[in-house]
Amino acid sequence: MKHLIISLFFTGILNTALAQEGNIALAQAKQKYALTYAQLKEYEGLYEYINNSTLKIAASPIDTTLICFINQSRYPFTTMGKDVFLNATKDSVVFLRNKLNKVIACKSGKDTFNLLPQKVRFSKQMWYPRLNGLKNYKYSYQQPKNDKDGLKTGNLDNTGLDKKLLEEMVQKIVNGTYPNVHSVLIIKDGKLVFEEYFYEHNKNKLHELRSATKSFISALTGIAIEKGYIKSKNEKVLPYFSEYTFKNYTAAKKQITIENLLTNQSGLDCDTYNPKAVGNESVMAYEKDWIQYSLDLPMVDSAGGIGQYCSSNPIIMGRIIEKATKMTLPEFAQQTLFKGIGIKNFDWQFKPDPSSGETFCQLNLRSRDMAKFGLLYLNNGVWNGQQVIPKDWVEQSLNKHSVVAGLDYGYLWWTKYLDANGVRYYGKLAQGNGGQKIYIFKELNLVTVITAGHYNMQSSSNELNAKYILPAFNKK
């Protein structure tokens with residue numbers, strides 16, 4: 001439980017030793033142990049957690065599952081016995097009781113987290129996509145309202161989008177065919193024409209971006225270069241950290257450039273998809289200094305070589321921007337990018353140290369503001385006639401510079417295709433674990449935003465795009 005951390009891309013849970021009380025032979029466990037909803041509710045409440053934080057545990061009335069909540073993230077537990085559960089990586093979580101048989105704490109590995117006396121309320125809305133959708137729900141499309149937040153709104157008519165398909169999509173989200181979808185927004189021809197929220201989410205609620213945060217760091221890098229804070233993308237990285245003495249200090253490490261960080265070609269031994277890599281973001285999360293940890297890593301390739309998905313790279317880039325501008329990364333974002341497109345409500349704690357062990361320096365935004373960011377890139381960096389991000393930087397960011405995890409990769413942006421009933425559509429994508437997606441389809445003059453809670457599992461975001469949004473354009 002201690003390491004139930006939120007990383008930029010892969011939300012990992014470090015393997016901890018099984019607690020003595022929960023030493024279960026998993027290979028012999030042929031079926032889940034069943035507990036009733038009433039029995040699961042005995043574990044509900046607010047618990048201590050690491051870094052003086054807290055977590056919540058609740059029983060789901062939907063599927064009789066015990067859920068652990070850390071910030072916005074939900075992590076289901078598998079019931080293995082009375083008071084014994086497994087988390088996502090099969091580590092045991094054991095609940096402790098007092099002499100009166102009341103739950104007083106939970107334990108994972110060597111860590112024990114006490115149940116706090118504060119009462120916590122779990123609203124009915126958090127479990128259901130639509131409260132009015134429990135019986136005989138029938139969705140009816142409504143045009144998004146103009147909130148005077150910088151987004152123009154419009155109707156689906158004459159957009160080419162298929163209203164019936166979109167209605168079917170909402171119906172299936174509400175009936176549970178696609179669970180844990182939090183929002184779906186569509187911008188067509190510069191106007192927000194579709195906007196729906198589910199569960200406790202709404203147009204004003206901030207949402208975790210997870211790894212989609214990286215694309216914002218890319219934008220801020222381009223702005224910092226354009227404003228002269230950073231000389232160029234070809235600048236070497238290590239001179240920005242002259243106060244450090246790094247391990248594995250080699251001639252190859254000296255060659256790492258800003259561009260190498262943006263393309264995930266730093267050459268550092270850090271790869272989310274390679275369990276043998278020395279660099280591990282879950283370990284980094286609790287290191288005293290993430291920059292020191294990252295740049296201490298050995299080199300496994302020359303800078304500019306193979307692409308490796310490494311969360312250290314954008315973290316280092318964010319710190320470079322801070323050093324160059326003499327501002328915190330959120331302050332620089334607020335004065336430039338966010339001001340430029342009218343983002344006023346956000347949460348961004350960029351502190352690459354253990355205090356960010358659960359948030360991993362991620363940005364939290366409204367879905368509407370995620371849509372603005374996508375529209376800004378669709379329009380080559382222009383917002384209301386003003387060039388917020390240099391046009392050439394937008395073009396460079398969305399072009400292929402490397403191949404990461406088998407996909408074309410730009411400057412902290414992905415190139416990805418979706419097949420819709422036999423027709424292939426290529427898009428540019430900012431994405432994060434759980435189903436956070438900002439898709440840009442330039443040829444269609446289309447931006448889609450989907451937020452979700454599919455942490456550490458297959459997200460339905462791509463399927464929603466491919467099955468209910470893109471097919472409308474097949475015949476055109």
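Analyst: E259 counts as buried, because its relative accessibility is 18% and the class of buried residues covers values under 20%. The model in which this value was computed is a predicted one. K233, with 21% relative accessibility, counts as partly exposed. The side chains of K233 and E259 meet in a salt bridge, with 3.7 Å from N to O. This pair links distant parts of the chain: K233 lies in the loop between α3 (213–226) and α4 (251–254), E259 belongs to helix α5 (residues 258–262), and 26 residues separate the two.

A search of the whole structure finds 20 salt bridges. Another of them joins E243 and K323, whose closest N and O atoms are 2.8 Å apart. Here too distant parts of the chain are linked, since E243 is in the loop between α3 and α4 while K323 is in helix α8 (residues 312–325), 80 residues apart. K323 is partly exposed, its relative accessible area being 30%.

The side chains of K400 and D408 also meet in a salt bridge, at 3.7 Å from N to O. K400 counts as exposed because its relative accessibility is 52%, and the exposed class covers values over 50%. D408 has a relative accessible area of 28% and is therefore partly exposed.

Salt bridges can also form a network. One such network links D147, D149, E195, K203, R366, R368, D369 and K372. R368 is found in helix α10 (residues 367–378), and at 0% relative accessibility R368 counts as buried. Leaving aside neighbours within four places in sequence, the contacts of R368 include D147, D149, E195 and K203. Among its other contacts are P144, L151, L185, L192 and Y197.

The helix to consider is α2. Helix α2 (residues 163–174) has 12 residues, which at 1.5 Å a residue should span 16 Å; the end C-alpha atoms are 17 Å apart, so the two values agree. L165, L166, M169, V170, I173 and V174 are buried in α2. An α-helix has 3.6 residues a turn, so residues three or four places apart point the same way. What covers the buried residues of α2 includes β9 (181–188), β10 (191–197) and α12 (461–469). At the N-terminal end, D162 caps α2, with a side-chain oxygen 2.9 Å from the backbone nitrogen of K164. After α2 comes G176, whose phi is positive, near 95°.

Terms used: Residues numbered from 1 in each chain as written. Predicted model: local features only at pLDDT ≥ 70, side-chain atom pairs only at ≥ 80, totals over all residues. Heavy atoms only, no water. Salt bridge = Lys/Arg side-chain N within 4 Å of Asp/Glu carboxyl O. Helix = DSSP H or I, 4+ residues; strand = E, 2+ residues; numbered from the N terminus. Buried < 20%, exposed > 50% of the residue type's maximum accessible area, 1.4 Å probe, protein only. Contact = heavy atoms within 4.5 Å. Expected span 1.5 Å × (residues − 1). Polar contact = N/O pair within 3.5 Å; in protein donor to acceptor, adjacent residues only side chain to side chain.
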